[in-house]
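Here is a short briefing for a first look at a protein structure. Keep the sequence and the model in view while you read.

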Amino acid sequence: MMKKIVILGGGVGGTIVANQVARQMGQELRNHELEITVISETSNHVYQPMFLYVAFDQVVPAEAQKPEREILDRHVKFQVGSADRVDRDAKAVIMQDGTKIPYDYLVIATGSRPAPEKIAGLEQGGYIFYTEEGALKLREALHNFQGGRIVVTVGVPHKCPVAPLEFTFMVQEWAKARGLGDKTEVVYTYPIGRLHSLEPVANWAAPVFEERGIESHIFFNPENVDAEKKTITSLEGETLNYDLLVAIPPHTGQEVIGRSGLGDAGNWIATDRHSLRMEGADDIFVLGDATNLPISKAGSTAHFEADVVASNLVNLLRGGLGSVRYDGKVFCFIETGLKNATYIQFDYTHPPKPQEPTEMIHMFKLAYNRMYWLTPAGVL
Ligand SMILES: Cc1cc2nc3c(=O)[nH]c(=O)nc-3n(C[C@H](O)[C@H](O)[C@H](O)COP(=O)(O)OP(=O)(O)OC[C@H]3O[C@@H](n4cnc5c(N)ncnc54)[C@H](O)[C@@H]3O)c2cc1C
């Protein structure tokens, strides 16, 4: 009898799983013994890391997207639409238009979303670069910036652990390059008692901040913004003035997870850290930002997890036990300005060790941004 894999989410994680299973089980797909369906709200696949460069007017949003259909293996079905909920009893995804998409195995890769509404007044008084629309508004604000105090504020959890640091380093060099260095102060806030959640990254960043004169405020959980007075106040009661406020707001999982009763209060799904199965479910895998795992929410995380989920799905469908384990591997480049970058690689048992920044690593990051499309296609 035909087996059905439904992949809810056509971002990094979902697309890699679909293409890898399709590649390994081409024969079963051609013989109609297997069907793979990817569901996504958008017909385009979006490479979100490009939004950082959109804000600095280095690329335009069209360079960050491609039709998902072109990336998916031709044997994979693609359904564009919004899923309303997962019905575990019926083993089906229920779309907002009422269509039911049944599954034998479900892969949830719905990602996460920035929740600027969690910081009162932020949408009126600040900018975010985590969406295309936000990055374009920030691009315009930077274009019109004539000097002043730029405050970068961070809420947790959020995807891409290092993007706030990257923006901070980049915006300082950007202001210098525009001849505004003497007139610009860069201020960074972070919610816990150091500059970054990953301790080695915090230890690496502290002397760099000192050397570059970047002011920092730790234990600063952004709570509300007064757009008229141009101030931001933290839960801890500290108020900072700004001329330009750039926020990385806290994130939540997607509402479809909440409506399905699959998540916690933040719509994150309880996931086994090694098998990537949803806790208590044999027929549901979770990967990427959607999990509740205590690791960075990053495209590379979704990529490495997708390798594990795809291997286990193929093995299970062929009668195995699906025992490949995810080891927590994450890889992130870190722009340390406009011309240099470093990187970190870590897993559940090996902490990151930031390397000396070089121009070569920066060039490599830019090259990867162009080559990204080979990743969801399963080539890289
Ligand atoms: C500015 C920025 C910079 C970043 N930089 C980096 C970086 O340098 N390195 C790095 O590794 N990561 C980076 N990231 C993070 C990375 O983009 C995400 O962690 C990654 O995309 C997560 O992959 P995912 O597959 O879990 O979810 P996503 O890629 O977000 O895909 C989610 C999918 O789910 C679909 N979906 C959601 N809800 C529904 C629904 N109800 N119905 C149907 N479909 C639905 C969406 O349409 C989409 O197809 C960055 C992110 C941003 C915003």
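The points below move from the whole chain to a sheet, its helix, and the aromatic and charged side chains.

This is a predicted model. The protein chain has 380 residues, and its radius of gyration of 21 Å agrees with the value near 21 Å for a compact globule. Its secondary structure comes to eleven helices and 21 strands.

**Overall build**

- Along the principal axes, the C-alpha atoms fill a box of roughly 70 × 40 × 40 Å.
- Buried residues account for 55% of the 380 residues.
- Take the contacts in the protein chain with a separation of 6 or more: 64% of them join residues 24 or more positions apart.

**A four-stranded sheet**

- Four strands form an open sheet in the order E13-E12-E11-E17, and their pairing is parallel.
- Strand E13 (215-217) and strand E17 (244-248) are the edge strands, so each pairs on one side only.
- From one strand to the next, the twist averages 20 degrees.
- Within this sheet, strand E11 (residues 148-154) pairs with strand E12 (residues 184-189) over five bridges, in the parallel sense.
- Ile150 has Val186 in E12 as its bridge partner.
- In general, strands of a sheet pair through backbone hydrogen bonds.

**The helix across the sheet**

- Helix H7 (residues 163-177) lies across E11, E12 and E17.
- Helix H7 runs at about 175 degrees to E12.
- The loop between H7 and E12 holds Arg178.
- Arg178 has 39% relative accessibility, so this residue counts as partly exposed.
- Leaving aside residues up to four places away in sequence, Arg178 touches Leu142, His143 and Phe145.

**Aromatic pairs**

- The whole structure contains 17 aromatic pairs.
- One of them is Tyr47 with Tyr372: the ring centres are 4.0 Å apart and the planes are at 15 degrees, so this pair is stacked.
- Tyr47 sits in the loop between strand E3 (44-46) and helix H3 (50-55), while Tyr372 is in the segment after helix H11 (359-371), so the pair ties together parts 325 residues apart in sequence.
- Tyr47 is buried at a relative accessible area of 6%, and Tyr372 is buried at 2% relative accessibility.
- Phe145 and Trp174 make a tilted pair, at 6.4 Å centre to centre and 40 degrees between the planes.
- Phe145 lies in the loop between helix H6 (132-144) and E11, and Trp174 lies in helix H7, so this pair ties together parts 29 residues apart in sequence.
- Phe145 counts as buried at 6% relative accessibility, and Trp174 is buried with a relative accessible area of 10%.
- Phe145 and Trp174 also belong to one aromatic cluster, together with Phe56, Phe129, Tyr130 and Phe167.

**Charges over rings**

- Arg273 lies over the face of Tyr348, 4.0 Å from the ring centre.
- Lys297 has its charged end over the ring of Trp268, 4.1 Å from the centre.

Conventions:
Residues are numbered from 1 along each chain as its sequence is written. This is a predicted model: local features need pLDDT of at least 70, side-chain atom pairs count only at pLDDT 80 or more; totals for chains, interfaces and linings use all residues. Side-chain values use heavy atoms; hydrogens and water are left out. Two strands pair if DSSP finds at least two bridges between them. Helices (H or I, at least four residues) and strands (E, at least two) are DSSP runs, numbered from the N terminus. Axes are lines fitted to C-alpha atoms, for helices over the stretch in contact, and angles run from 0 to 180 degrees between N-to-C directions. Contact means heavy atoms within 4.5 Å. Rings of Phe, Tyr and Trp (its six-membered ring) pair if their centres lie within 6.5 Å; planes under 30 degrees apart count as stacked, over 60 as edge-to-face and the rest as tilted. Buried means under 20% relative accessible area, exposed over 50%, partly exposed in between (1.4 Å probe, protein chains only). A charge sits over a ring if NZ of Lys or CZ of Arg is within 6 Å of the ring centre and within 35 degrees of the ring normal. The radius of gyration is taken over C-alpha atoms; the globule rule is 2.2 Å times the number of residues to the power 0.38.
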